[in-house]
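Please read it alongside the sequence and coordinates.

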Amino acid sequence: MILGLFRRRTRDAEHKTYCEIVAQARQPVFYSEFLVPDTIDGRFDLIVLHAVLYFRRMQGEGKKVAEFTQEVFDLFFQDMDGSLREMGVSDTRVPKKVRKMGEAFYGRADAYMSAIDTENVEKLALALGRNIFPENEEPIAQERLARYVIGAAASLASQATDDLIKGEISWPDAERFLDPDNKNS
């Protein structure tokens, strides 16, 4: 009984964490001012971007945190599976689509993390451009988004792990990164 209650609370924290990632990715400013396409792909890419930021921050925090973030990661793909089914993708095609999403996640994570680690705005902007703006290059939007991502990584780095595993994530206000002269937002 007690273990069931503990698991329930843990599951709630994982769900809250995932919801915080998605809520930040769905901020209207990304679609209106950062010019991220308001499409299924654009929304997926912003969720991936924010999940990468969160998972990057939680790396190296020990076994308990690794297990927690794995559960958040699993929720992400359960949500993607459910979304595909809601969109009418056939049951036989869902696993293939989810596998492609997984490959996309890992590919994007690799491209983004090295640029975030070195705070390389140019490299990150190029990677974001390839993934988020593939049909319509938006160099100014790519740079803005890159500055936001580096700022968000710094913000997450300053937050306590205990808060982050409770789903208490303080994302930076994306609008602060719209002014090209304010590069250190």
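## Salt bridges

E143 and R147 are four residues apart in helix α7 (residues 139-157), so about one helical turn separates them. The model is a predicted one. In this model the two side chains form a salt bridge, with 3.7 Å between the closest N and O atoms. That distance falls inside the 4 Å cut-off for a salt bridge.

- E143 is partly exposed, with a relative accessibility of 30%.
- R147 counts as buried, at 5% relative accessibility.
- A network of salt bridges with shared partners joins R11, E14 and E71.
- Eight salt bridges are found when the whole structure is searched.
- One of them joins the side chains of R11 and E71, with an N to O distance of 3.0 Å.
- Because R11 belongs to helix α1 (residues 2-25) and E71 to helix α4 (residues 63-86), this pair ties together parts that lie 60 residues apart in sequence.
- R11 is partly exposed, at a relative accessible area of 34%.
- E71 is also partly exposed, and its relative accessible area is 29%.
- Another salt bridge is formed by D38 and R43, whose closest N and O atoms are 2.7 Å apart.
- D38 has a relative accessible area of 48% and counts as partly exposed.
- R43 has a relative accessible area of 35% and is likewise partly exposed.

As a general point, side chains of opposite charge can pair when their charged atoms come close.

Two packed helices are described by the angle between their axes and the distance between the axes.

- The axes of helix α6 (residues 121-132) and α7 come within 8 Å.
- They cross at roughly 115 degrees, and the crossing is right-handed.
- On the α6 side, the contact is made by V121, L124, A125, L128, G129 and I132.
- On the α7 side, Q142, E143, L145, A146, R147, V149 and I150 take part.
- Sorted by class, the residues in this contact are nine nonpolar, two polar and two charged.
- E143 and R147, which form a salt bridge with each other, are both among the α7 residues that meet α6.

## The loop between α6 and α7

- F133 is located in the loop between α6 and α7.
- F133 is buried, with a relative accessible area of 2%.
- The C-alpha atoms of F133 and G42 are 8.4 Å apart, although 91 residues separate the two along the chain.

## Aromatic pairs

- There are 13 aromatic pairs in the structure.
- Among them is the pair of Y18 and F76, with ring centres 6.1 Å apart and 55 degrees between the planes, which is a tilted arrangement.
- This pair links distant parts of the chain, since Y18 is in helix α1 and F76 is in helix α4, 58 residues apart.
- Y18 is buried, at 6% relative accessibility.
- F76 is buried too, with a relative accessible area of 1%.
- The rings of F30 and F34 have centres 5.4 Å apart and planes at 45 degrees, so this pair is tilted.
- F30 counts as buried, with a relative accessibility of 0%.
- F34 is buried as well, with a relative accessible area of 0%.
- A cluster linked by ring pairs contains Y18, F44, Y54, F55, F73, F76, F105 and Y106.

## S155 in helix α7

- S155 is part of helix α7.
- S155 counts as buried, with a relative accessibility of 18%. The value counts as buried because the cut-off is under 20%.
- Leaving aside neighbours within four places in sequence, S155 is in contact with S170 and P172.

Definitions and conventions: Residues numbered from 1 in each chain as written. Predicted model: local features only at pLDDT ≥ 70, side-chain atom pairs only at ≥ 80, totals over all residues. Heavy atoms only, no water. Helix = DSSP H or I, 4+ residues; strand = E, 2+ residues; numbered from the N terminus. Buried < 20%, exposed > 50% of the residue type's maximum accessible area, 1.4 Å probe, protein only. Axes fitted to C-alpha atoms, helices over the stretch in contact; angles between N-to-C directions. Left-handed = near helix turned anticlockwise from the far one by under 90°. Contact = heavy atoms within 4.5 Å. Nonpolar A, V, L, I, M, F, W, Y, C, P; charged D, E, K, R; others polar. Phe/Tyr/Trp six-rings, centres within 6.5 Å; stacked < 30°, edge-to-face > 60°.
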